[in-house]
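Biologist: I would like to learn how to read a protein model with some care. Could we go through one together?

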Amino acid sequence: MDTSAKLDIDLRKATVERKKEAGSRCLGKQRDGRFALSVSVSTACFSADQLRILADIVERYAELGHLSTGQSFVLLGIKQQDYYQARQAVLDAGFQLRSVGRDVFHVKCCPGADFSPFGLQRTFNLVTELEETFRALPMPQKFKIALSGCTNCCANTRLAEFGLHATMKGWKIFVGGKMGFAPLVSQELAGPVEAEQVPKYLAAVLRCYRELAEPNERLALTIPRVGFEVFKAAVKQALEVPFDDLAQEALESRRAMEQMVVVGLEEPGKD
């Protein structure tokens, strides 16, 4: 079985440059010249009716659907002239657009104690709150959140910017992980803390990351540059700062993302 493929250098360079730009992005141009669109719902739990709607959208606009490792549903093979129609169909059906830009991504999670025999904490309500408050908040670079309802790392919580591990007494908080070409394991910031405290910690981490990061710098690089203890102290100081401003900015960013021309697809409706 031959699995070899020739690297498209020009396409790779264009994709890397696109990732450096601010603003809403599509997943990028595929090798065949078509495009992909990432959609989902909070907690990544689709109902039967939603799956039927997705099947209809795939049939109308895409070649196939892909269940991504990031717990989203990706429409693959969208023609350029159909991209914005496909996006509107996704929104009209009540789905979320999944960000792939320099902002707060959706929360990757396991089913937690409602379903897992190993679960120590319930996950879905907390995930929904974090997404409704912070998703799409602009950041220096992409910011991933992962949450595991037990002590296992099934949601890759130690390889995310902000990871949560359940314990019998609450949640352990980890920061500074990442995947990519050079994966880094996160460090424990706090815990166990009660669920009500988690949004405060996330807001403080986001605020400190914005203040301390250099342009286009991942949190996994910011923390060792400034020092983990320095970052931890800054987070502690920011814990009691209200985060209504961050929530409002995130909401405005989500609304804008649903309307704007995306990076990588500058001319809607044209081949």
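Predicted model: local features only at pLDDT ≥ 70, side-chain atom pairs only at ≥ 80, totals over all residues.

Modeller: Residues are numbered from 1 along each chain as its sequence is written, and side-chain values use heavy atoms, with hydrogens and water left out.

Biologist: How many helices and strands does the protein have?

Modeller: Helices (H or I, at least four residues) and strands (E, at least two) are DSSP runs, numbered from the N terminus. In this protein they come to eight helices and nine strands. The radius of gyration, taken over C-alpha atoms, is compared with a globule rule of 2.2 Å times the number of residues to the power 0.38; here it is 19 Å, close to the 18 Å that the rule gives for 271 residues, so the protein is as compact as a globular protein of that length. The C-alpha trace spans about 50 × 45 × 40 Å along its principal axes.

Biologist: What does UniProt list for residues 101-242?

Modeller: UniProt positions are given in the numbering used here, with shortened feature names, and annotations may be inferred rather than shown by experiment. For these residues an unreviewed UniProt entry lists "domain: Nitrite/sulphite reductase 4Fe-4S". Over residues 101-242 the chain is 32% helix and 22% strand.

Biologist: In which sense do strands β2 and β3 pair?

Modeller: Two strands pair if DSSP finds at least two bridges between them. Strand β2 (residues 64-67) and strand β3 (residues 73-78) are antiparallel, with four bridges, and L64 stands opposite L76 in β3. Five residues lie between the strands of this hairpin, where Q71 takes a positive phi near 65°.

Biologist: How many disulfides does the structure hold?

Modeller: A disulfide is a covalent bond between the sulfur atoms of two cysteines; the cut-off used is a pair of cysteine sulfur atoms within 2.5 Å. The structure holds zero disulfides.

Biologist: Is C150 buried or exposed?

Modeller: Buried means under 20% relative accessible area, exposed over 50%, and partly exposed in between (1.4 Å probe, protein chains only). C150 is buried at 5%, whereas C154, at 48%, counts as partly exposed.
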